[in-house]
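Visitor: I would like to go through this structure with you, beginning with the chain as a whole and then turning to one residue.

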Amino acid sequence: MRNFPFSSRATLLLAAGVMAVGCANFALAQPSQPPKKQKPAADLIKKQARPRVVPRVLDRANPGNTRILVKLGDQRALLLVENEVAIDTPISSGKRAGMTPKGDFVVVQKNADHRSNIYGNYVNRSGQIVRGGVSTRIDSAPSGTVFQGAPMKYFLRIGKTLDDYSAIGLHVGHLPGYPASHGCVRLPDDIAPLIYARAQAGTPVTIQD
């Protein structure tokens with residue numbers, strides 16, 4: 001091995017160190033792939049087709065020849081008149097699997113101005129909301145407030161039999177484009193009255209995947 005004076009060895013080591021740092025900086029300075037742009041939240045929400053009403057079929061509807069079919073997977077509901085589609089409408093069902101039960105039901109009660117006895121707001125004596133979006137099952141009332149149930153207009157309560165008063169029904173509600181309810185089937189505000197008018201106690205309702 002060739003011997004170098006101390007000062008020369010120090011110069012070589014310093015130069016090597018500068019080169020190493022320079023290489024490291026060069027590696028860090030390499031351009032990275034640009035991050036992929038995330039789609040806006042609105043684009044991630046499934047766009048539902050607008051309601052479709054068939055007047056020719058709807059005009060024949062009466063409480064004795066109609067039935068309601070709810071398709072959870074499609075987030076659609078059909079009003080059928082003797083197996084013909086009178087109304088095909090978007091819905092919003094239970095936000096978690098199982099919240100909207102599947103099976104065969106019947107309409108057991110009608111109430112055009114129904115309010116929930118479970119979900120709503122706690123309001124003061126002036127009617128101002130003190131605590132909103134509550135459930136009486138888990139949320140206690142702040143002092144000096146009373147419970148005001150959420151409106152569920154054109155409510156059709158369903159059950160397995162006419163004596164089965166479950167908490168599930170079809171009614172007017174917000175449709176964000178995906179399942180978002182506490183179990184009920186929400187309908188558009190211009191469609192719910194049409195279905196409500198042609199249903200009666202005993203009208204068959206089928207809820208399926």
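Guide: Gladly; please keep in mind throughout that this is a predicted model.

Visitor: How many helices and strands are there in the chain?

Guide: Read from the N terminus on, the elements run α-α-β-α-β-β-β-β-β-β-β-β-α-β. Counting along that order, the chain holds 4 helices and 10 strands.

Visitor: What share of the residues in the chain is buried?

Guide: A residue counts as buried when its relative accessible area is under 20%. By that cut-off, the buried part of the chain's 209 residues comes to 35%.

Visitor: Where is Gln-75 found, and is Gln-75 buried or exposed?

Guide: Gln-75 belongs to the loop between β2 (66-71) and β3 (76-81). The cut-off for a buried residue is under 20% relative accessible area. Because the relative accessibility of Gln-75 is 6%, this loop residue counts as buried.

Visitor: Which backbone oxygen does the side chain of Gln-75 reach, and which side chain does a polar contact join to that of Gln-75?

Guide: The side chain of Gln-75 reaches the backbone oxygen of Leu-72, at 2.9 Å. A polar contact of 2.8 Å also joins the side chain of Gln-75 to that of Ser-93.

Visitor: Leaving aside neighbours within four places in sequence, which residues is Gln-75 in contact with?

Guide: Contact here requires heavy atoms within 4.5 Å. With those sequence neighbours left aside, the residues in contact with Gln-75 are Gln-48, Thr-89, Pro-90, Ile-91, Ser-92, Ser-93, Tyr-178 and Pro-179.

How values were computed:
Residues are numbered from 1 along each chain as its sequence is written. This is a predicted model: local features need pLDDT of at least 70, side-chain atom pairs count only at pLDDT 80 or more; totals for chains, interfaces and linings use all residues. Side-chain values use heavy atoms; hydrogens and water are left out. Helices (H or I, at least four residues) and strands (E, at least two) are DSSP runs, numbered from the N terminus. Buried means under 20% relative accessible area, exposed over 50%, partly exposed in between (1.4 Å probe, protein chains only). A polar contact is a pair of N or O atoms within 3.5 Å; within protein, one must be able to donate a hydrogen and the other to accept it, and residues adjacent in sequence count only if both atoms are side-chain atoms.
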